[in-house]
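Good morning, colleagues. Please take a moment to look at the sequence and the model before I go through selected local features.

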Amino acid sequence: MSSNDAPRRNGLLADLPELEWQRLAPQLEPVEMPLGKVLYEPGCTLSHIYFPTTAIVSLLYVMEDGASAEIAVVGFEGVVGIALFMGRETTPSRAVVQSAGQGYRLRAEILKDEFKRAGSMMHLLLRYTQALITQMGQTAACNRHHSLDQQLCRWLWRSLDRLQGNELVMTQELIANMLGVRREGVTEAALKLQKAELIHYARGHITIVYRDGLEKRTFECYDVVRKEYQRLLAVPLSRH
């Protein structure tokens with residue numbers, strides 16, 4: 001893939017008709033997304049919308065006391081900053097890079113102008129938003145009804161769907177913030193999965209040992225999300 005086509009590693013950009021792609025391509029800015037980088041904070045005015053290609057971004061809901069919990073993840077299949085086209089320029093969530101990589105960003109005013117054209121970009125973004133809402137609903141249900149190690153399985157699996165390999169680099173603190181639990185809880189859950197020979201966990205490196213076993217522990221809720229993404233978006237959610 002040439003450097004000019006690199007943005008089309010993002011599924012939404014890849015699905016644009018050629019005319020719209022040629023109009024938008026010169027406006028896309030490449031951005032590095034290192035682990036832990038905050039793309040926006042709650043209440044901040046959004047200046048750009050982000051299209052990850054190899055990075056994964058976590059959307060966190062932040063409470064008044066500073067506590068947070070992940071509500072959704074966005075990878076190559078989606079976009080970060082839906083508030084820009086959903087009627088507001090601010091959001092109560094925080095967007096932080098969960099897995100380092102690259103992406104592209106588009107200035108807010110360009111995105112709004114494109115949305116007003118009511119063309120393919122608008123329809124793609126609305127379909128993606130519906131899929132994202134499904135993911136948020138599934139996350140809420142899983143957090144309410146499943147144990148911590150089951151939640152960790154779900155979190156690992158939806159991260160793997162957006163990566164090409166079987167390894168994640170992630171600190172205990174960041175995982176704890178994603179799941180809204182104490183670091184000790186993450187350690188206990190990870191060791192439980194390691195004992196079951198599903199993962200190998202050491203110093204922030206998580207290697208998936210038995211993918212099928214991990215998937216079985218995600219239950220039917222994540223499968224519902226995956227099917228919804230496949231139904232609504234041209235590019236399947238999983239990269240495997």
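Just after helix α3, A118 adopts a positive phi of about 55 degrees. This is a predicted model, in which local features need pLDDT of at least 70, side-chain atom pairs count only at pLDDT 80 or more, and totals for chains, interfaces and linings use all residues. Residues are numbered from 1 along each chain as its sequence is written, and side-chain values use heavy atoms, with hydrogens and water left out.

Helix α3 itself covers residues 108-116, and A108, I110, L111, E114 and F115 are buried there. Buried means under 20% relative accessible area, exposed over 50%, and partly exposed in between, with a 1.4 Å probe and protein chains only. Helices are DSSP runs of H or I with at least four residues, strands runs of E with at least two, numbered from the N terminus.

How do the buried residues of α3 come to line one face of the helix? Seen down the axis, they fall within an arc of 165 degrees, so they share one face; the arc is that of the directions from the helix axis to the C-beta atoms.

R162 counts as buried, because its relative accessibility is 1%. Its side chain joins that of E77 in a polar contact of 3.2 Å, meaning a pair of N or O atoms within 3.5 Å; within protein, one must be able to donate a hydrogen and the other to accept it, and residues adjacent in sequence count only if both atoms are side-chain atoms.
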